[in-house]
Amino acid sequence: MSFVNYHTKEINCKIVYYGPGLGGKTTNIQFVYQKTASNNKGKMITLNTENERTLFFDFLPLDLGNIRGYKTRFHLYTVPGQVFYEASRKLILRGVDGIVFVADSQVDKMDANRESLEGLKKNLVEQGHDLNKIPIVMQWNKRDLPNIVATQDLERELNQLDVPSFEACAIKGEGVFETLKSISKLVLLNIKGGLED
Amino acid sequence: MVNVNSLVKQFFLENEYNKLASKIVVIRNDGINVYSNIADEFEKSSIGALTSGLWQAAESISAFTKNSSTDFEEFRLSFDTSGDGLYVLPLSIMETKYFICAIFAEEDNPARLKRYIRLLRDNLETYLSELSADQDKNRNGYLFKEISDDEIDQLFSFGGV
């Protein structure tokens, strides 16, 4: 849940990158890290296995600057994508303000995408979220690879919530900031606690 | 709405608890920092995220030998040697779970430090429950009614597209 400090005029939000294993979640936030000036970012924390698969989470704190006088700080997390880390994914989703679902566009990854998306929906509902209200953005990653699913098919199969979606090639940085900007806007617009109705 | 950050900060400074351990943070259940005696904003955030993850993972592991209704309010989490380490305690502020994490180095008497942290936790809960009742103001609706794409572009002007 986002945190607004009205005295110091600060907003803190938590965004989680979710999706199947090896889909490019960590690559997304690594690219954000690389492109961010050092005074806008903290250390990127990665809790990895020995072969560099995400074990618990990646974490990147970002200071984005001001919006209407509020200093805005986003905390980006990734979940471990491998199937057997379900318990860790549930923990990381606690308090989430917005989700980027990173789907792998390759044909042979569609089952993994569906399974991961179903897991996400189940975990969100278990934690009391309304799937129609929580900000979610889809990212169709790895568009540069051969043997990929057409975006219309990805939309039909995976975007039944009809949320914004972006094509990406995260390893080259394509689509990474477009996706992050979109989820950031949705999250900021969803912050409760205004002074007026 | 009660400003928890200000109240917790006031409590720490009035009682000089900020000097108790080399690094002390108070965080929400989701890792957001509420108070810290650390100057570096990013270090605070990282400690918050890791402490929250650490506690939640420990709860989940403990739940394998406890029934599902166990609450972990009485639990404490230590990771230390005889002089260095960290100590995490849960606390409840206005029915929301928070954590205090003390990180210490070359501490002569970690057991005494941990007792002080437990006392601090109890005092903080009492202090906030007394202050919160008369400071409540309702904030309804959403913080922003609309945000333009230009404003979002401005936020991300440090890099990217």
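A residue counts as buried here if 20 or more other C-beta atoms lie within 10 Å of its own, as exposed if 12 or fewer do, and as partly exposed in between, with C-beta atoms placed from the backbone. By that rule, 29% of the 161 residues of chain B are buried. What you are looking at is a predicted model, in which local features need pLDDT of at least 70 and side-chain atom pairs count only at pLDDT 80 or more, while totals for chains, interfaces and linings use all residues. Residues are numbered from 1 along each chain as its sequence is written, and chains are lettered from A and ligands numbered from 1 in the order in which they are written.

Let us start with chain B. It has four helices and five strands, taken as DSSP runs (H or I of at least four residues for helices, E of at least two for strands) and numbered from the N terminus. Along the sequence they follow the pattern α-β-β-α-β-β-β-α-α. The strands form an open, antiparallel sheet of five in the order β2-β1-β5-β4-β3, where two strands pair if DSSP finds at least two bridges between them. At the edges are β2 (33-36) and β3 (77-80) of chain B, each pairing on one side only. From one strand to the next the twist averages 20°. Within the sheet, β4 (85-93) of chain B is joined to β5(B) by nine bridges, and P90(B) stands opposite F99(B) of β5(B).

Now for the helices that meet these strands. Helix α1 (4-15) of chain B lies across β1 (23-28), β2 and β4 of chain B, at about 20° to β2(B); such angles run from 0 to 180 degrees between the N-to-C directions of axes fitted to C-alpha atoms, for helices over the stretch in contact. Helix α2(B) packs on the sheet too, touching β1, β2, β3, β4 and β5 of chain B, and its direction makes about 65° with that of β1(B). Among the buried residues of α2(B) are I47(B), A49(B) and W55(B).

Where do the two chains meet? Contact, with C-beta atoms placed from the backbone and lying within 7 Å, takes 45 residues from chain A and 36 residues from chain B. On the side of chain A that touches chain B, β4(A) provides the largest share, eight residues.

Strand β4(A) has a partner of its own: three bridges join it to the antiparallel strand β3 (45-48) of chain A, and T46(A) has D58(A) as its bridge partner. Five residues lie between the strands of this hairpin, where E52(A) takes a positive phi near 65°.

Two other residues deserve a look for their backbone. Most residues other than glycine have a negative phi. K142(A), however, has a phi near 65°, and E106(B) has one of about 50°. K142(A) is buried, with 22 other C-beta atoms within 10 Å, whereas E106(B) is exposed, with 7.

Note on methods. Contact = placed C-beta atoms within 7 Å.
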